[in-house]
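Have a look at the model first.

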Amino acid sequence: MRWAKPAIETGQKMELDVPIRNTNRTVGTLLGNAVTRVHGGAGLPDDTITVNFRGSAGQSFGAFVPKGITMRLEGDGNDYVGKGLSGGKLIVHPDRRATFPAEENIIAGNVIGYGATGGEIYLRGIVGERFCVRNSGATAVVEGVGDHGCEYMTGGRVVVLGTTGRNFGAGMSGGIAYVYDPEGGFSSLVNYDMVDLADLESDDYDFLRTTISNHQEYTGSEVAKTILTDWEVQSSHFRKVMPRDYKRVLDAMASAQAEGLSEDETLARVMETSRG
């Protein structure tokens, strides 16, 4: 980690280009540990350390990476990309020489964003099963997922710019997911035990436009470009997946704030609501 010492000690911005192979696992974890040892949970300012990889990454690329570290992977990833992500930024897109449509091909494996607590993940392409399982705080964008998307999610936000597999939202108690569904088939793939499909509000559209713009800027996504170019029409195709208990808590907070309640009174209102 000697090369990153100036960034860690003084906040000097640094950028490094390195190759990667699928035998390189948990890449970024030691760098993240070095940042956390000095700066704790706050990390560094966004994009202080940027590492550009090219090749095929092994399992757990970007695991536990804290705020201030940006890792770009030009190629593809394995399972567990962004496991335990703690504030960092991960960007994965096909190699510059690739000729295939990214949105129709696999860019990473299963269980992406598992247990993430914060940060951002942008994936130009399709991933496997259990996308963002147990995510509690990260924002993630992807162009298609397999079965069990957002399983047991407790926080954060997910944007899927493509199709999903079955059992979407199983055990999802928090966070929000937005699925681009121009063909209208998504509703039959949702597990409704804990979630509903809700109407989007103005804040949702603002979030989506900003986040999809970031995805297009970081990955060069053609899907994002198409949606943004025809925003007024394409934005109407998003479906919002909202956990019922989470919505009750948000509504209670909004009500308490509208009544001018104190922080303690607001917390009491929320606790009462969460107990049902």
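A quick word on angles before we start: axes here are lines fitted to C-alpha atoms, for helices over the stretch in contact, and angles run from 0 to 180 degrees between N-to-C directions. Keep in mind, too, that this is a predicted model.

With that in hand, look at helix H3 (residues 202–219) and helix H4 (residues 222–229): their axes come within 8 Å and cross at roughly 140°. Why is H3 called oblique to H4, and not antiparallel? Angles over 145 degrees count as roughly antiparallel, so the crossing at roughly 140° makes H3 oblique to H4. The crossing is left-handed. On the H3 side, the contact is made by Arg209, Ile212, Ser213, His215 and Gln216, while H4 brings in Ala224, Lys225, Ile227 and Leu228. Sorted by class, that contact has four nonpolar, three polar and two charged residues.

Now for the sheet. Ten strands form an open sheet with mixed pairing, in the order E1-E2-E3-E4-E5-E6-E7-E8-E10-E9. E1 and strand E9 (195–198) sit at the edges with a single partner strand each, so one side of each has no neighbour in the sheet. On average, neighbouring strands are turned by 15° against each other, direction ignored.

| Strands | Bridges | Direction |
|---|---|---|
| E1 (residues 14–20) and E2 (residues 49–56) | Seven bridges | parallel |
| E7 (residues 154–160) and E8 (residues 174–180) | Five bridges | parallel |

One more helix to spot: H6 (residues 244–258) lies across E8, E9 and strand E10 (238–243), and it runs at about 85° to E10.

Definitions and conventions
Residues are numbered from 1 along each chain as its sequence is written. This is a predicted model: local features need pLDDT of at least 70, side-chain atom pairs count only at pLDDT 80 or more; totals for chains, interfaces and linings use all residues. Side-chain values use heavy atoms; hydrogens and water are left out. Two strands pair if DSSP finds at least two bridges between them. Helices (H or I, at least four residues) and strands (E, at least two) are DSSP runs, numbered from the N terminus. Angles under 35 degrees count as roughly parallel, over 145 as roughly antiparallel, 65 to 115 as roughly perpendicular and the rest as oblique. A crossing is left-handed if the near helix is turned anticlockwise from the far one by less than a right angle, and right-handed if clockwise. Contact means heavy atoms within 4.5 Å. Ala, Val, Leu, Ile, Met, Phe, Trp, Tyr, Cys and Pro count as nonpolar, Asp, Glu, Lys and Arg as charged, and the others, Gly among them, as polar.
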